[in-house]
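Please open the model in your viewer, with selection by chain and residue number ready to hand. The stops below say what to select next and what is found there.

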Amino acid sequence: MIGRGGPDFQHVLHPAGPQAARIAHLGWFAFVVAATVWVITVSVLLWAIARARRRERADEPVPADGERRMTWGVAFGIGASAVILLVFLGYDLVVGRTLSPVPSAHPLTIEVNGHQWWWEVQYADTAVHDRFTTANEIHIPVGEPVLFVLTAQDVIHSIWAPNLGGKKDLIPGYTTSVWFQADTPGVYRAQCAEFCGVQHAKMALFIVAESRAQFNRWAIQQRQPAAKPADSVAGHGYEVFVTSSCVMCHNLEGTTAGSHAGPDLTHLASRRTIAAGTLPNTRGNLAGWIVDPQRIKPGSHMPPNMLEPKDLDALLTYLQSLK
Amino acid sequence: MRASSLVIVLAASSLIGCEREERTFRETPPSTTPTAVRVSALQPGTPADTTHTVNPYERNAYAQSEGQRLFGWYNCSGCHANGGGGMGPALMDDEWIYGSAPEQIYTTIVEGRPNGMPSFAGRIPSYQVWQLVTYVRSLSGLTPSAGRSARVEHMMIYPGSQSLQKAEKPKWSFTPPAAVQP
């Protein structure tokens with residue numbers, strides 16, 4: 001699997017944070033109670049069938065007040081069901097109430113904007129000049145609550161990171177919010193959980209939970225403008241980028257490419273995947289994606305690019321230098 | 001007899017539906033570069049060709065809505081607003097400086113025009129230019145209503161394809177310009 005951080009990188013039963021853990025506990029509680037009730041109910045049913053057959057074989061007459069003798073049994077069953085359902089309701093409400101408020105006055109705030117079919121990510125909590133934009137990969141410090149402010153550009157999307165929390169809808173023209181906290185470092189996969197068009201399945205997001213020091217290093221790197229081309233090949237690649245259709249949709253901070261219709265590519269090479277978690281970020285995959293994205297994600301808004309081999313090669317060298 | 005006519009009606013309607021809703025992910029544009037595009041009706045002697053390139057996207061709702069999306073993405077709206085005009089000329093009226101025919105609009109986008117219209121050659125793939133052409137022409141009602149979106153939130157002087165909207169009269173009372181005009 002792509003960018004796999006461990007065997008549990010997308011798993012509801014392996015929570016990596018407090019919310020997912022509470023929801024997993026709720027799930028296990030419901031499962032155990034329901035399983036117990038089911039076992040008891042089926043045992044009683046089997047016992048009743050066996051008793052009836054025994055009576056039939058022994059030609060015992062059916063007791064005249066048979067139905068009435070069931071009154072206490074039925075009343076107990078209804079009472080027990082009502083109590084169990086109320087306990088479920090109460091537990092559910094308590095979990096919901098503990099999960100909804102962010103347990104911090106100034107949490108790290110990340111704005112996520114859903115697009116068909118990728119995620120725009122803006123780190124927004126610091127001073128204006130410290131804001132930075134990335135796509136399809138979110139880094140968060142371990143052990144701190146992180147507030148996600150969500151909206152969408154085109155249709156309704158939904159964010160769900162099974163190990164951490166969610167789901168929460170991203171709605172055009174409307175802002176929602178959700179918070180996650182990761183207690184175990186690792187790479188977790190999140191997925192769009194609301195059908196949003198032909199490439200809904202290939203709209204993934206990786207959440208990298210790392211130590212505060214690692215996170216700060218990453219954030220400082222992400223705030224830098226795009227790396228200057230190091231050699232003449234990369235320089236030619238840069239020329240290709242800013243004089244072809246790339247420039248119509250993509251942003252490279254600190255250059256003349258400034259469109260925000262597609263994912264920000266300022267630090268493309270620092271990301272694990274391309275095309276919203278669809279492919280590992282390798283030179284070959286990048287080449288295939290640039291030349292014929294409609295083969296990898298049919299319907300994607302990225303057009304095919306018929307580049308000369310020399311130009312494509314230089315462009316790849318440049319893009320791979322954007323650490 | 002009844003059944004066969006039903007079959008004919010169904011077959012015919014499915015054909016109509018196909019054209020409107022057809023989506024091809026790997027586009028084959030009608031013509032990559034229109035040649036000898038005239039932007040003036042004046043010709044020495046007897047005017048020769050008066051035929052225009054047919055843009056097959058005009059009956060296709062998907063291509064047209066893609067054109068609308070690109071109109072925003074590529075910042076056409078920065079100068080033309082949503083068709084009403086601003087720094088650039090309005091696109092929803094019947095005045096065309098460089099012609100309203102598909103290949104004329106194509107050339108305007110690709111080559112640019114004096115006094116402000118940038119040239120997008122090499123920046124926008126040709127199939128997307130044709131989608132933009134479709135949308136631009138739909139703004140002033142030059143495309144068939146069947147392909148027009150009924151769910152446009154911007155100003156439109158021509159109603160979309162759904163019957164309720166069709167029942168409304170256009171707010172401006174001018175006759176749509178003929179398809180062939182300079």
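Read along the sequence, which pattern does chain B follow? The pattern of chain B is α-α-α-α-α-α, and its secondary structure comes to six helices and zero strands, where helices (H or I, at least four residues) and strands (E, at least two) are DSSP runs numbered from the N terminus.

Before going further, note that this is a predicted model, in which local features need pLDDT of at least 70 and side-chain atom pairs count only at pLDDT 80 or more, while totals for chains, interfaces and linings use all residues. Residues are numbered from 1 along each chain as its sequence is written, and chains are lettered from A and ligands numbered from 1 in the order in which they are written.

Keep chain B selected and colour it by burial: buried residues make up 29% of its 182 residues, a residue being buried if 20 or more other C-beta atoms lie within 10 Å of its own, exposed if 12 or fewer, and partly exposed in between, with C-beta atoms placed from the backbone. Among contacts in chain B between residues at least 6 apart in sequence, 65% join residues at least 24 apart; two residues are in contact if their C-beta atoms, placed from the backbone, lie within 7 Å.

Next, show chain A as well, and select the residues where the chains touch: the contact takes nine residues from chain B and eleven residues from chain A. On the side of chain B that touches chain A there are five nonpolar, two polar and two charged residues, where Ala, Val, Leu, Ile, Met, Phe, Trp, Tyr, Cys and Pro count as nonpolar, Asp, Glu, Lys and Arg as charged, and the others, Gly among them, as polar.

Within chain B, go to Asn75(B), in the loop between helix H2 (61-73) and helix H3 (77-80). The phi of Asn75(B) is positive, near 60 degrees, in a residue other than glycine, and Asn75(B) is partly exposed, with 14 other C-beta atoms within 10 Å.

**Helices H1 and H2 of chain A**

Now select residues 18-57 of chain A, which form helix H1. H1(A) has 40 residues and reaches 58 Å from its first C-alpha to its last, close to the 58 Å expected at 1.5 Å a residue, the expected span being 1.5 Å times one less than the number of residues. Of the 40 residues of H1(A), the number buried is two, so this helix lies largely in the open. H1(A) is followed by Asp59(A), whose phi is positive, near 55 degrees.

The contact of H1(A) with H2(A) has eleven nonpolar, two polar and two charged residues; among them are Phe29(A) and Val33(A) from H1(A), and Phe88(A) and Tyr91(A) from H2(A).

**Two loops between strands**

Move on to Trp117(A), in the loop between strand S1 (108-115) and strand S2 (118-123) of chain A, where a cis peptide bond joins Gln116(A) and Trp117(A), with omega about -5 degrees. Then select Asn136(A), in the loop between strand S3 (132-135) and strand S4 (137-141) of chain A. Asn136(A) has a positive phi of about 65 degrees although it is not a glycine, and Asn136(A) is buried, with 23 other C-beta atoms within 10 Å.

**Helices H5 and H7 of chain A**

For the last stop, select helix H7 (residues 309-320) of chain A, whose twelve residues should span 16 Å at 1.5 Å a residue, in agreement with end C-alpha atoms that are 16 Å apart. Its buried residues are Ala314(A), Leu315(A), Leu316(A), Tyr318(A) and Leu319(A), and what covers them includes helix H4 (232-243) and helix H5 (283-291) of chain A.

The axes of H5(A) and H7(A) come within 10 Å and cross at roughly 120 degrees, which makes H5(A) oblique to H7(A). Among the residues that meet here are Leu286(A) and Ile290(A) in H5(A), and Leu312(A) and Leu316(A) in H7(A).

Finish at Asn285(A), also in helix H5 of chain A, which is partly exposed, with 17 other C-beta atoms within 10 Å. Leaving aside neighbours within four places in sequence, Asn285(A) is in contact with Ile274(A), Leu279(A) and Pro280(A).

Conventions: Axes fitted to C-alpha atoms, helices over the stretch in contact; angles between N-to-C directions. Parallel < 35°, antiparallel > 145°, perpendicular 65-115°, else oblique.
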